[in-house]
Amino acid sequence: MILIDKCKNNYSATVLISAGSHTVIDELKRSLDDAIGVAKILKNSNSKMVCGGGSIEIECARLVLEHSKNIKGSEKIIYEKFANALYEIPRILARNSEFNEETELQKGINLNRKAKKAIYGINCKEHGSNNMLEEKIYEPMESKKNQIMTAVEIARMILRIDDVIAH
């Protein structure tokens, strides 16, 4: 990747991407687009931050599973599957960091439950499950909200297509 900047009257930058395949180029474009989107959110002075490292997903999944205890039938399965999908984010972070994913996920669940806050997640650098506030690992709240809302909408669309839930 080449970044052309420091030009006279520079109001923009050009990024040239080169890779061995179109798939890699497409993935680099998506990653760059995501990074620019986060930078735009952070530029907004009113941006609120939440803990990163999958801590939000851990707590949301735990709460969804807790709520599912009061539900019967096939709807209960939908809640459980959605919670498991949310748990995939911290699992992937742990797996990519060569930690035991189930051990780290369970630690995060237990620590968040004990703290009564979504502050424990996966520190990919070296520590495993940790307090994301202390580690200074944050994400923009708007970005996290959009990710979860998109996941909910996609799940609803799939369930409607399969006629699992009524339109």
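Residues are numbered from 1 along each chain as its sequence is written, and side-chain values use heavy atoms, with hydrogens and water left out. Because the model is predicted, local features need pLDDT of at least 70 and side-chain atom pairs count only at pLDDT 80 or more, while totals for chains, interfaces and linings use all residues.

User: Is Cys 51 buried or exposed?
Analyst: Buried means under 20% relative accessible area, exposed means over 50%, and partly exposed lies in between (1.4 Å probe, protein chains only). Cys 51 has 7% relative accessibility, so Cys 51 counts as buried.

User: How many disulfides does the structure hold?
Analyst: A disulfide is a pair of cysteine sulfur atoms within 2.5 Å. By that rule, the number of disulfides in the structure is zero.

User: How is α2 oriented relative to α3?
Analyst: Axes are lines fitted to C-alpha atoms, for helices over the stretch in contact, and angles run from 0 to 180 degrees between N-to-C directions. The axes of α2 (residues 55-68) and α3 come within 8 Å and cross at roughly 165°. Angles under 35 degrees count as roughly parallel, over 145 as roughly antiparallel, 65 to 115 as roughly perpendicular and the rest as oblique. Therefore α2 is, relative to α3, roughly antiparallel.

User: How is α3 oriented relative to α4?
Analyst: Helix α3 (residues 74-96) and helix α4 (residues 101-115) pack at an angle of about 130°, with their axes 8 Å apart. That angle makes the orientation of α3 to α4 oblique.

User: How many charged residues does the contact of α3 with α4 have?
Analyst: Contact means heavy atoms within 4.5 Å. Residues of α3 including Tyr 87 and Arg 91 meet residues of α4 including Glu 101 and Leu 105. Ala, Val, Leu, Ile, Met, Phe, Trp, Tyr, Cys and Pro count as nonpolar, Asp, Glu, Lys and Arg as charged, and the others, Gly among them, as polar. By class, this contact has five nonpolar residues, no polar ones, and a charged count of five.

Key:
Helix = DSSP H or I, 4+ residues; strand = E, 2+ residues; numbered from the N terminus.
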